[in-house]
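Please look over the chain shown below before reading the briefing that follows, which takes up its hairpin, its strands, its helices and the confidence of the model in turn.

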Amino acid sequence: MEDRIFEEIEEVFNNNFEENVQLINQSNAISAEFEYESDAKWFYLNICHPDNLKKEEYPVNFISSITPIGDLNYTSTTHYTIKFEVKDKNKLIDMINTKRN
C-alpha cells in the first residue's frame, strides 16, 4: 500500500481509537493491533462484517481473526490483531469516523 494512503488511514484510526491501536503496513494488507478488546470488536463488527452492507460493499477484505498476543494478565502487552486489505479507502474512513458519534 502506498505510504500516503496508509498514513491517511492511520490518522483516522488514531483520531477515533485515541491512539490505542497500532497499524502495520504489510504491502497489500494492514495489520491493526488494538489495545482494547472492545475497540477490536467494534472494528470487526462494524467495518469487517457490517450488518447493513452486502459483502461486496464492505470497505475491507477481512483476512484474519482477532488474536490476543502476549500474556492476558498484563493488559499493557495484550493486543487484539485484525488483518485486512483495503477495498475502498474513502468508505473505510467514513465508516471509522462514525465511531465518534
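**Briefing on the predicted chain**

In the hairpin formed by E1 and E2, where 2 residues lie between the strands, Ser 27 adopts a positive phi near 55 degrees. Helices (H or I, at least four residues) and strands (E, at least two) are DSSP runs numbered from the N terminus, and two strands pair if DSSP finds at least two bridges between them. The model is a predicted one, in which local features need pLDDT of at least 70 and side-chain atom pairs count only at pLDDT 80 or more, while totals for chains, interfaces and linings use all residues. Residues are numbered from 1 along each chain as its sequence is written, and side-chain values use heavy atoms, with hydrogens and water left out.

**Overall make-up and confidence**

- The secondary structure of the chain comes to 3 helices and 4 strands, which follow the pattern α-β-β-α-β-β-α when read along the sequence.
- Of the 101 residues in the chain, 34% are buried, where buried means under 20% relative accessible area, exposed over 50% and partly exposed in between, with a 1.4 Å probe and protein chains only.
- Among contacts (heavy atoms within 4.5 Å) between residues at least 6 apart in sequence, 56% join residues at least 24 apart.
- The average pLDDT, the predictor's confidence in each residue on a scale from 0 to 100, is 87 for the chain, and 85% of the residues score at least 70.

**The hairpin and its turn**

- Strand E1 (residues 21–26) pairs with strand E2 (residues 29–34) in the antiparallel sense over 6 bridges; Gln 22 has Glu 33 as its bridge partner in E2, and Asn 25 stands opposite Ile 30 in E2.
- Ser 27 is placed in the loop between E1 and E2 and is exposed, with a relative accessible area of 53%.
- The phi of Ser 27 is a positive value in a residue other than glycine. Most residues other than glycine have a negative phi.

**Strand E2 and its surroundings**

- E2 is mostly covered, with 6 of its 6 residues buried; Ala 29, Ser 31 and Glu 33 point one way from the strand, and Ile 30, Ala 32 and Phe 34 point the other way.
- E2 also pairs in the antiparallel sense with strand E4 (residues 79–86), over 5 bridges, and Ser 31 stands opposite Lys 83 in E4.
- Glu 33, found in strand E2, is buried with a relative accessible area of 18%, and its C-alpha is 5.6 Å from that of His 79, although Glu 33 and His 79 are 46 residues apart in sequence.
- Asn 20, in the loop between H1 and E1, is likewise buried, with a relative accessible area of 18%; leaving aside neighbours within four places in sequence, Asn 20 is in contact with Glu 33, Phe 34, Glu 35, Tyr 36 and Asp 39.

**Helix packing**

- Helix H1 (residues 3–16) and helix H3 (residues 89–97) pack at an angle of about 10 degrees, with their axes 9 Å apart; axes are lines fitted to C-alpha atoms, for helices over the stretch in contact, and angles run from 0 to 180 degrees between N-to-C directions.
- H1 and H3 are therefore roughly parallel to each other, a term for angles under 35 degrees, whereas those over 145 count as roughly antiparallel, 65 to 115 as roughly perpendicular and the rest as oblique.
- Ile 5, Glu 8, Ile 9, Val 12, Phe 13 and Asn 16 in H1 meet Lys 89, Leu 92, Ile 93, Ile 96 and Asn 97 in H3.
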